[in-house]
Amino acid sequence: MGVLVPESWQSGTVRSKSRRSVADVVRAALLTADPAAKVMATRELFRMWRARQLEFAFDCPMPDVPARPAAPQLLQPGAMPKRGRGSAHGRLALIHALAHIEFVAMDLALDAAGRFGAEMGQQFVDDWLSVAADEAMHFALLARRLRTLGSFYGAMPAHDGLWDAARDTAYDVAARLAIVPMVLEARGLDVTPGAIAKFANAGDERTARVLQRILDDEIRHVRFGTMHFVAVCEKRRESPPEAWKRLVARHFHGAVKPPFNDSARDQAGLSREFMAGVA
């Protein structure tokens with residue numbers, strides 16, 4: 001794969017051979033299995049990128065599947081045990097499930113930057129590495145809550161369906177954006193307010209505050225996805241809502257279910273024009 005260096009990063013001299021490419025460091029983070037080490041690698045990657053210590057170069061492929069820790073045990077979604085509704089154990093299981101979502105979300109954001117960055121440019125990499133750093137922080141906050149409550153990440157099984165979206169859409173940036181931020185993360189905008197209320201009503205204000213922070217950040221993440229998706233569609237001379245509906249029908253193996261958090265979706269750029277006829 002060729003090496004791309006934007007003019008804004010050139011100094012008129014041959015590019016330094018001592019600096020690693022951004023793709024190389026993204027790949028290394030994806031291949032880090034230990035959760036704490038992955039968090040550190042992702043945050044350090046973002047720090048190095050912002051400091052312009054990495055070359056805007058894509059000289060190595062992204063792995064088909066990221067490295068995974070020995071725990072949690074990964075099951076198909078239909079094989080997951082039921083969470084007890086309204087119980088302390090059920091709330092703990094929900095925190096564990098959310099922690100796993102954020103763990104995989106780190107990899108999804110890293111993969112987007114490393115797989116499509118050469119095609120999409122510096123701003124795309126800026127955005128998705130910042131998302132990866134956010135997801136790392138979200139995971140760390142939820143993992144800390146699990147430890148505070150007497151558990152840990154990996155203590156319960158987790159479902160293995162999230163990475164399927166990355167595998168199915170690896171061929172096209174528009175497909176990836178249509179499914180990961182604009183469906184999967186957008187679903188979080190719809191359901192997280194209810195989870196916040198559940199923990200607040202149970203007296204767990206700390207978890208409620210963590211989830212509020214995640215919700216606020218996810219609006220920005222979905223907005224990044226929508227913005228870049230619209231830009232790709234305009235470049236291809238396609239209608240963004242129609243292209244999105246076509247890609248959702250092809251790649252999302254489920255239903256886009258209401259009720260929707262219209263306020264959050266509007267802030268994220270997911271207008272009702274996108275949603276019309278899909279739910």
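**Close-up 1. Cysteines of the predicted model.** Cys233 has a relative accessibility of 1% and counts as buried, because buried stands for under 20% relative accessible area, exposed for over 50% and partly exposed for values in between (1.4 Å probe, protein chains only). Cys60 is buried too, at 15%. The structure holds zero disulfides, a disulfide being a pair of cysteine sulfur atoms within 2.5 Å. The model is a predicted one, in which local features need pLDDT of at least 70 and side-chain atom pairs count only at pLDDT 80 or more, while totals for chains, interfaces and linings use all residues. Residues are numbered from 1 along each chain as its sequence is written, and side-chain values use heavy atoms, with hydrogens and water left out.

Close-up 2. Arg176 belongs to α6, residues 173–201; helices (H or I, at least four residues) and strands (E, at least two) are DSSP runs numbered from the N terminus. With a relative accessibility of 3%, Arg176 counts as buried. A polar atom of the Arg176 side chain lies 2.9 Å from the backbone oxygen of Ala166. A polar contact is a pair of N or O atoms within 3.5 Å; within protein, one must be able to donate a hydrogen and the other to accept it, and residues adjacent in sequence count only if both atoms are side-chain atoms. Leaving aside residues up to four places away in sequence, Arg176 touches Leu108, Asp111, Ala112, Arg115, Phe116, Ala165, Ala166, Thr169, Ala170 and Pro181, where contact means heavy atoms within 4.5 Å.

**Close-up 3. The largest cavity.** There is one cavity of 30 Å³ or more, and the largest cavity has a volume of about 40 Å³. Its lining consists of Arg68, Leu74, His100, Val104, His159, Asp160, Leu162 and Trp163. Helices α3 (88–120) and α5 (162–168) are the elements that give two or more residues to this lining. By class, the lining has four nonpolar, two polar and two charged residues. On a 1 Å grid over the protein atoms alone, a cavity is a set of points where a 1.4 Å probe fits but cannot get out, and a pocket is an open set with protein on both sides within 12 Å along at least five of seven lines; lining residues have an atom within 4 Å of a point. Points are joined across faces, edges and corners, and a volume is the space filled by probe spheres set on them.

**Close-up 4. The second largest pocket.** This pocket has a volume of about 190 Å³. Elements giving two or more residues to its lining are α2 and α4 (122–148), with the largest share, five residues, coming from α4. Among the lining residues are Pro35, Val39, Phe139, Arg144, Arg147 and Tyr153. The lining divides into nine nonpolar, no polar and two charged residues. Ala, Val, Leu, Ile, Met, Phe, Trp, Tyr, Cys and Pro count as nonpolar, Asp, Glu, Lys and Arg as charged, and the others, Gly among them, as polar.

**Close-up 5. Backbone geometry in loops.** Most residues other than glycine have a negative phi, and most peptide bonds are trans. The bond from Ala71 to Pro72 is cis, with omega near 10°, and Pro72 lies in the loop between α2 (35–50) and β1 (74–75). Arg52 is placed in the loop between α2 and β1; its phi is positive, near 55°, and at 44% relative accessibility Arg52 is partly exposed. Arg237, in the loop between α7 (205–236) and α8, has a positive phi near 60° and is exposed at 81%.
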